[in-house]
Amino acid sequence: MAWAVETITAANTAGISARADALVAADTSGGLQEFRALAGRAAAGTNVSAEKIRCFDETDAVLDARSFDIWQQKGDRAAGLREFEKRQQEWFPRRVAFESLWEGGEAFRYLALNAGGLGTQGPYGKFCLVTTRVADVRRPVAVFPGDSLQRYTSSTGVDVALVQREAAAWAVRGAVAAIERGTEALATGRADWPAVICRPGSYLEVVVGPPLPLADLDEVRLPSSYLDTLQKYERLDLARRRLTERQANELRAFRGLQRWRRTYGIAITPLP
């Protein structure tokens, strides 16, 4: 029987909060309390490619991975699901095993806790979509202390007991961060705390169920150098200079972001 996200996370709230309380009480520097508070105000972010920006612009929503592949296959569900399995490679059975634990698991969007910065970047993309409103409407939301596939799954299955014990409600994300990253935070300067919470290859995962419309996004962050590049493509296009297919695709994505700003007030924020 699949779990309801809200049921599991609610059952863990008191225990997770108590563990964080004990750690904070034992820290005489007061730094862990500050770190917990920072993480407790954190948003959720997801890094995506120009192609996903175009998809989300067309569908007016942040889609799950299967729906994105179906969109790429022009609505052909069977072809999209085949592409999803192919793209997941050896992670596919592990993804299916994790998602089968949950009601509506196949529709999960995978984000990361973000207290400032450009998110996970790496292979995911330079566009970091950020929202503070994941819990503003009734939809499944769970916070995990790390990447769910790497933390809970293996070639032999899922550590079901650990998943059930660690799934946390959005409201206690600060406690999760204090437990999982508190030691690292206290060993670094406060300016580096956003990177302790989220950086390429290291993040606290936020699982969000549908719906996640564009209207629920707050901003799109991207490297300032990349914004300069996108603006250059726009100038070249206006001057009727030929762009490569990749450049043209990135420009279409950038113009999509500009529509989001006009329509929903979503900020486009360049960062160093």
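Biologist: How much space lies in the largest pocket?

Modeller: Rolling a probe the size of a water molecule over the atoms shows where empty space is left. In this predicted model, the largest pocket holds about 850 Å³ of space.

Biologist: Which residues that line the largest pocket are the closest to its centre?

Modeller: Lys 52, Gln 88, Arg 95, Tyr 110 and Tyr 124 are the closest to the centre, out of 32 lining residues.

Biologist: Let me take β2 next. In what sense does β2 pair with β9, and over how many bridges?

Modeller: Strand β2 (residues 109-114) pairs with β9 (residues 205-208) in the antiparallel sense, over four bridges. Within that pairing, Arg 109 is opposite Val 208 of β9, and Leu 111 has Val 206 as its bridge partner. With β1 (residues 43-48), β2 also pairs in the antiparallel sense, over three bridges; there Ala 44 stands opposite Leu 113.

Biologist: How many residues of β2 are buried?

Modeller: Five of the six are buried, so β2 is largely enclosed by the rest of the structure.

Biologist: And β9: which residues point one way from the strand, and which the other way?

Modeller: Glu 205 and Val 207 point one way, Val 206 and Val 208 the other way, and all are buried. Strand β9 also runs antiparallel to β4, joined to it by four bridges. In that pair, Val 141 has Val 208 of β9 as its bridge partner.

Biologist: Now the loops. Where is Leu 101 placed, and is Leu 101 buried or exposed?

Modeller: Leu 101 sits in the loop between α6 (92-99) and β2. The relative accessible area of Leu 101 is 14%, and the cut-off for buried is under 20%, so Leu 101 counts as buried.

Biologist: Which residues does Leu 101 touch, not counting residues up to four places away in sequence?

Modeller: With those left out, Leu 101 touches Ala 2, Trp 3, Val 158, Val 160 and Val 163. As a separate distance, Leu 101 and Ser 154 are 15 Å apart in space, C-alpha to C-alpha, and 53 residues apart in sequence.

Biologist: Which residues does the cis peptide bond join?

Modeller: The cis bond joins Pro 210 and Pro 211, with omega about -5 degrees. Pro 211 lies in the loop between β9 and β10.

Biologist: What phi does Lys 74 have, and what phi does Gln 89 have?

Modeller: Lys 74 is not a glycine, yet has a positive phi of about 55 degrees. Gln 89, also not a glycine, has a positive phi of about 55 degrees.

Biologist: Where in the structure are Lys 74 and Gln 89, and are they buried or exposed?

Modeller: Lys 74 belongs to the loop between α4 and α5, and Gln 89 to the loop between α5 and α6. The cut-off for exposed is over 50% relative accessible area. Lys 74 has 79% and is exposed; Gln 89, at 55%, counts as exposed too.

Notes
Residues numbered from 1 in each chain as written. Predicted model: local features only at pLDDT ≥ 70, side-chain atom pairs only at ≥ 80, totals over all residues. Heavy atoms only, no water. Pairing = 2+ DSSP bridges. Helix = DSSP H or I, 4+ residues; strand = E, 2+ residues; numbered from the N terminus. Buried < 20%, exposed > 50% of the residue type's maximum accessible area, 1.4 Å probe, protein only. Contact = heavy atoms within 4.5 Å. 1 Å grid on protein atoms, 1.4 Å probe; cavity = no way out; pocket = protein on both sides within 12 Å on 5 of 7 lines; lining within 4 Å. Points joined across faces, edges and corners; volume = space filled by probe spheres on them.
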